[in-house]
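Subject: Structure handover

Hi,

Here is the structure I promised to pass on to you. Please open it alongside this email, and my notes on what turned up follow below.

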Number of protein chains: 2
Amino acid sequence: MDYRYQQLESWLLQGLREQRWRLGERLPSIRTLCQTQGVSKATVQHALQRLEAQGLVEARPKAGYFVTLQPKMIRAPRNRAQVEAPRPVTVNELFLDVMRRSAAFDLLPDLHAGEVPPGIVALNRALGRALRRQKGDDHQYYDAPAGDPALREQLSLHAARRGWTVLPEQLCITSGCQHALFLALMACCRRGDIVAVESPGFYGVLQLLEQLELQVVEVPSSSEQGMDIGALEAALGRWDIKACVVSPAFATPGGALMPEGARKRLLALADQHDLAIIEDDIYADIAFGQVPDPLKALDRSDRVILCSSFSKSLSRDLRLGWIAGARWHQKILHLKLVTQLASSRYQQQGIAEFMQDGSYAAHLRRQRNALRTQRDRLVASLHAWPGEIRVSTPQGGLAVWLELPESVDSLAAYPAALQQGVVITPGPLFSVSGQFRNCLRISYAHPWDDRRITALGQLPGLLLGH
Amino acid sequence: MDYRYQQLESWLLQGLREQRWRLGERLPSIRTLCQTQGVSKATVQHALQRLEAQGLVEARPKAGYFVTLQPKMIRAPRNRAQVEAPRPVTVNELFLDVMRRSAAFDLLPDLHAGEVPPGIVALNRALGRALRRQKGDDHQYYDAPAGDPALREQLSLHAARRGWTVLPEQLCITSGCQHALFLALMACCRRGDIVAVESPGFYGVLQLLEQLELQVVEVPSSSEQGMDIGALEAALGRWDIKACVVSPAFATPGGALMPEGARKRLLALADQHDLAIIEDDIYADIAFGQVPDPLKALDRSDRVILCSSFSKSLSRDLRLGWIAGARWHQKILHLKLVTQLASSRYQQQGIAEFMQDGSYAAHLRRQRNALRTQRDRLVASLHAWPGEIRVSTPQGGLAVWLELPESVDSLAAYPAALQQGVVITPGPLFSVSGQFRNCLRISYAHPWDDRRITALGQLPGLLLGH
C-alpha cells in the first residue's frame, strides 16, 4: 500500500524507537541501506531526507546521517486495556466549549490568517457559477432528499478512483459528516441501545450518543492500529451491542490506520453479532500515501454505513457531506426528509462542477503536501519538549495524539491556556471514562506561521510547568 | 389592518355568501355603496373590479354590476369536531411521495418556468459577494452553533419592524423550518410523549412525530380561525399533553389566522398545563395585509418556541431558517451542535447583507402583490367548478383548502393525476386520522401560466369525474 520510501522510513523510525541507533550515532550508509533493504539510492535518500525534515537525523557532509533526537520521544502513545460496562453518556458542560473550539483544529481561536488557497478560490467561483446558472423559479423547489444527482455521480466516480464501487443511488447528501453520523445512529438504534466506540475516539459521536440517549461501550484503540478488535470481541460476548462506530482511516485523535486483518475480523464479528457498523471516513482523502480503501469496500452483508464530508479535506463552511446507508438507506432518506427536507441544490451543483473539472483532485494534491509538511514540523518541534513524551505519527488526517507524564492534567490546563489565547484539546474530551488526562490532541491542520509557532512554544509551559 | 377597498370587498363577499344578492341579480349602485358604506367612488370601483376579476360579478355597461356565480361556492370548508385519543403516528409510504412532491406547492412536477425574479437575482449577487469576501482560511473554521451574528442581528431588526422584540442572542440559525421544528420537538419531548397538533395541519410535523416516536392528538382546526382552543382545552383535561404545535399565521392547509382571543386563551392553557408551544411562523411574512404579530410576542412565561425560515417567502434552496427557543434555547444550541455542528457562514452573511440593504423588504412587497393576484385567479377559477365546493379565502400564505362533496376521494385521484402529469395534495396528507378524503390543498405559490392553467382545468375531471 505504501511507497518504497515510506516503507523504508517506517523501518528506520522503528529502529530509532528501538534504540538500534542511539543519540549521536551514525546510521548505516546509503550504500548499505540500498543493499540490505533492496531499494534504490533515490529511495534511501528520499526516506533519509524526510527523517531529517522531522529533526530526527542530521546529514553531516562526507560523514553520513547521525541521530539527533532521543528516540524515546517518538514512541507511540500507550494503549489503554480496560473495557468498562455500558453506560449512559453524560458530557460535561465544559466539553461543549472545548468541542466547539476544537472543531476548528487550531491552537488559536479565530485567527483567520493567510491567503485564500487556490482550491477555495476555484470552489467559490464554481459556487458563483452555479448561482448564476439558476433558472426561472428553481429557487421555489426543494431538492430531492437524496441530494443532487450530479454531485452523487461525482462522489461515485471519486469512490471508484479509490477502488470502491458505490452507485449514485446508494448515496444521500447530508449537512456534513456529523449530520451523517446522526442519521446513521437514528436509523439503526433506539433509545437505550448500546453502541461501541473507539477510546480515545471522536467526541462528536459521544455527544450524539448522549443526545440520543444511547449507551456507550468504549473499546481501547491504539493510535497506530485503531480499535482493538480482540477487546471488541470480548465486549460483544458480554453485552448486547447494536452498533459500532469506527474510523478505519486516520481515526481521531491519533490518526490510526486499521490494518487489513483487523478490518476483516471486525466485519466477521459484525455478521456474527448482527452489528451495524458506522464508518467515519472523513479523513480518508487526507492520506499522505495512497488513499486507504474504506471498510465498506469489504462489506458483503450490507451493514456498513459510510459517513463522510468535505469539511476536513476542503471547507468547513460548505456544510455538505454524504452517507452510504447500506440496508438502512431508505430509512436514512426518510429521516433526512423529515428532519430537514433537503440540501441546497446550487451548492451541490457548484461542488459537483468543482469535482468534475479536476479542481478537487488538484486541491487534494496541494492539501496533502502542505499537511504532510505541517505534520513534520509539528513532530519535530514536539521532539524538543523536555521530559518523556509519546506521540503518534499519523500517515493521514489532521492531528497527532500526545501522551505526557502521568502527572500532567490537560483538562486543568485548558482554561489557563485559553486565558493566554491558546486553544488546547485535552485528552478527556475523547472519552467519557475520565481517562487520558495526561494526553492531548495537537493538530497540524493550519500552517505554522509565527503566531502558531509562538502558541505551540507556550504549550510545554502550560502543560509541563516548564 | 386592511385597506378600505379590502374591507368593502370582504363585506360584499359576505353578502354574496349570505345570498343577500342572488345569481343574476344586480348589486347596489356605486353611488349607493358610496353613501351606505361611507367610502369614495374609487374605493367602490376598486373593490368591484376585484370581485369581477374573480368571476363573481360582471359589469354591464350603463346597467351596473350583476352576480355571475353561485355564492354557495365560496363557503368556507367545514370544521371537523371530533377529537380522538392520542396515538402513535404511522405515515403511509405513499405519503412520503406526496409530501416530497407537495413541498414544492406546484401542480406540475419540476416545471421550473419563468424568469428569475429580481429578488432572487439580488440574493444570488449578495451570496456571490459573500463568497468573494471570504478571507484567508475562513473556510477552515466552523461557524458558531447559534449562527452568524450579522444574520441574527438582521432577523432581530426584521422582528422589531413587526412589533416583536427578540434579541440576536435569543435566536439560533437552522437548516430551514423543518429542521427548527425537529430541534424544538427534540428539545421539549421524549419518546412516547403526547403532542397536540392542528387537524388538518402540516404533514411535516406528523412525519416528525412518527420518527421521534411521539404520540399525536389532533385538534380540530378551521380554515378561518385555526385551532379550536375549546377542543384543545378538553383534550388537555383528558390527556397529559407535553407540547402543542400551532401556526397562528396562515396555517397549512387553509391559511387560517388565529384571532387575538384564541391566542390569549392558548397561552393561558399553556401556563395552566405546563405546555411547550411550538409556533410555526413560516407564512407570516406572506401576509396580504399587515404582518400579524407572532404568538410569541404575547409569551410572558418563556414557553413559546418560534420556528421559521426563508423557504416560503424567498427561496427553498437556501436551506436557512431560525428558531427562538425560549427556555429551551441552550438545549437547542446543544442539539444543533451535535446533530450538524454549524450552518454555512458565507450563506448567512450573504442573506444578512440582502436584508440589510432593503432587498428582502422589496422582494416581500413584490411577492405579496404577486401572490394575492395568484390567489384571486385561483379562487375565481374554482368558482367555475361544477357542483358544491367550499374553499378557504386566506389573507396570507400560499394555499387554499378545498372541500368537495363527500363522494370525492382525493387520495385515489393522486396516482391518476400524477399519470397525467399533475401533482395534487390530497386532504388525508394533513392528518393521521384518515379524514379529509374529500378535501385537498391547492396552492397559488406559482404564477398561473398556460401550463398551470391547463393543469388546474384537469382537476375537476380528475376529482369530480366531470
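Predicted model: local features only at pLDDT ≥ 70, side-chain atom pairs only at ≥ 80, totals over all residues.

**Salt bridges**

Over all chains, the count comes to 34 salt bridges. A few of them are worth a look on your screen.

Start with A:Arg129 and A:Glu353, which form a salt bridge whose closest N and O atoms are 2.5 Å apart. The two partners come from distant parts of the chain: A:Arg129 sits in helix α5 (residues 118-133) of chain A and A:Glu353 in helix α12 (residues 345-356) of chain A, 224 residues apart. A:Arg129 has a relative accessibility of 31%, so it falls in the partly exposed class. A:Glu353, with a relative accessible area of 19%, is buried.

Now turn to chain B, where B:Glu353 and B:Arg129 form a salt bridge, with 2.5 Å between the closest N and O atoms. Because B:Glu353 belongs to helix α12 (residues 345-356) of chain B and B:Arg129 to helix α5 of chain B, this pair ties together parts that lie 224 residues apart in sequence. Here B:Glu353 is buried at 18% relative accessible area, while B:Arg129 is partly exposed at 32%.

Another pair in chain B is B:Arg452 and B:Asp106, whose side chains meet in a salt bridge (2.6 Å, N to O). B:Arg452 is in helix α15 (residues 450-464) of chain B, and B:Asp106 is in the loop between α4 (93-102) and α5 (118-133) of chain B; the two are 346 residues apart. B:Arg452 is buried, at 2% relative accessibility, and B:Asp106 is buried too, at 6%.

In chain A, a network of salt bridges links A:Asp106, A:Asp449, A:Arg451 and A:Arg452.

**Where two chains meet**

From α8(A), the residues in contact are A:Gln207, A:Leu208, A:Glu210 and A:Gln211; they meet B:Lys331, B:His334, B:Leu335, B:Val338 and B:Thr339 in α11(B). By type, the residues of this contact divide into three nonpolar, four polar and two charged.

Best wishes

Methods:
Residues numbered from 1 in each chain as written. Chains lettered and ligands numbered in written order. Heavy atoms only, no water. Salt bridge = Lys/Arg side-chain N within 4 Å of Asp/Glu carboxyl O. Helix = DSSP H or I, 4+ residues; strand = E, 2+ residues; numbered from the N terminus. Buried < 20%, exposed > 50% of the residue type's maximum accessible area, 1.4 Å probe, protein only. Contact = heavy atoms within 4.5 Å. Nonpolar A, V, L, I, M, F, W, Y, C, P; charged D, E, K, R; others polar.
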